[in-house]
Amino acid sequence: MAVLLFSGNARLELWSKVHIGYGRARQKRAPWNVRAGCGVRASLDALVFDCDGVILESEDLHRRAYNATFENFEVRCPGNKSPVVWSTEFYDELQNQIGGGKPKMRWYFNRNGWPSSSLYSSLKDDDEKVQLIDTLQDWKTNKYKDIIASGAVEPRPGVLRLMDEARDMGIKVAVCSAATKSSVVFCLTNLLGKERFQQLDCFLAGDDVEEKKPNPMIYKVAVEKLGATPDKCIVIEDSVIGLKAAVGAGMKCVVTFTSSTSKQDFSEAAAVFSSLETVSLDHLVKLLDERVIATG
């Protein structure tokens, strides 16, 4: 398998020159959308997007919402006088290791001690632990929605175009997120627009499956609901957690990394990009046979 190192737009231009050729031979070929459309449709059943980190750069938004939640409910771990605060560095590591908000908090409290709060001065049993996590997550979700609703957040470049290209070619489009369903619905409605969201062929959130990523369950369920073949689907993820989930489901995975995931091991990915801005649907399909690492 070849490993190609490209930076920025040059990676696609170089790829085109190698595979299409130069000069007159290149000019005589039909445009990508005419030349490859039928072949793409025949080889690709579905294009599946993760939400956080792929459709929007959301890591810091979630971190801010969690910290606001901890402050609001005066969540203090044993031996600490101040509410819990997750730093940018810590949250980058946490969100790259553990999928889903409730599992993140449960892991943190198991490691640092279950906290006191304005809800519970102390936790008596596992039922109260569950109730605390549920309450914190609900409040955090609403806070996150407020941030999204502010209008200051936009989709990552290239995402909406790829969704529209896929739909125009008759390819199914889906979103699979480990986040809370109400949060993802609100986020997608605001960022994709109501019509584009309602046209999704499949939408699954963390609430819809028993196991979180990197467990492949959410993608296996998506394949079944889409009526697709796993190896004829392309999943777009931003982290190794999502990559492992997609590969575990037998699906091809393309990674568009963020600043917090750029140093992760994406060796199992079919292609790796810093941005989808200049990536076409046809390029994604053509690049599935080679591993591409974008450095720009």
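**Figure 1. Overview of the whole predicted model.** Of the 296 residues in the protein, 52% are buried, where buried means under 20% relative accessible area, exposed means over 50%, and partly exposed lies in between, as found with a 1.4 Å probe and protein chains only. This is a predicted model, in which local features need pLDDT of at least 70 and side-chain atom pairs count only at pLDDT 80 or more, while totals for chains, interfaces and linings use all residues. Residues are numbered from 1 along each chain as its sequence is written, and side-chain values use heavy atoms, with hydrogens and water left out. The protein has 14 helices and eight strands; these elements are DSSP runs numbered from the N terminus, with helices being H or I runs of at least four residues and strands being E runs of at least two. Its accessible surface comes to about 13,900 Å², and 47% of this belongs to carbon and sulfur atoms, with areas computed by the Shrake-Rupley method with a 1.4 Å probe, and for residues only the protein chains shown count as cover. Among contacts between residues at least 6 apart in sequence, 69% join residues at least 24 apart, a contact being heavy atoms within 4.5 Å.

Figure 2. A search of the whole structure finds 13 aromatic pairs; rings of Phe, Tyr and Trp (its six-membered ring) pair if their centres lie within 6.5 Å, and planes under 30 degrees apart count as stacked, over 60 as edge-to-face and the rest as tilted. F70 and W86 form an edge-to-face pair, with 5.0 Å from centre to centre and 75 degrees between the planes. This pair links distant parts of the chain, since F70 belongs to helix α5 (residues 59-72) and W86 to the loop between α5 and α6 (88-95), 16 residues apart. Both F70 and W86 are buried. The two also belong to one aromatic cluster, formed by Y66, F70, W86, F90, Y91, Y108, F109 and W114.

Figure 3. W107 is found in helix α7 (residues 101-112), and its relative accessible area of 29% makes it partly exposed. Leaving aside neighbours within four places in sequence, W107 is in contact with F90, L94 and I98. The C-alpha atoms of W107 and L94 are separated by 9.4 Å, although these residues are 13 apart along the chain.

Figure 4. E74 has a positive phi of about 50 degrees although it is not a glycine. This residue lies in the loop between α5 and α6, and E74 counts as partly exposed because its relative accessibility is 41%.

Figure 5. Not counting residues up to four places away in sequence, D208 touches K181 and F203. D208 and V221 are 13 residues apart in sequence, and their C-alpha atoms are 9.2 Å apart in space.

Figure 6. The largest pocket has a volume of about 500 Å³. On a 1 Å grid over the protein atoms alone, a pocket is an open set of points with protein on both sides within 12 Å along at least five of seven lines, whereas a cavity is a set of points where a 1.4 Å probe fits but cannot get out, and lining residues have an atom within 4 Å of a point. Grid points are joined across faces, edges and corners, and a volume is the space filled by probe spheres set on the points. Of the 33 residues that line the largest pocket, D52, G100, K104, A178 and A179 are the closest to its centre. Helix α7 gives the most to this lining, with four residues. The largest cavity has a volume of about 40 Å³, and its lining consists of M163, D164, R167, V173, R196, Q199 and L200. Helix α9 (residues 159-168) supplies the largest share of the cavity lining, three residues.
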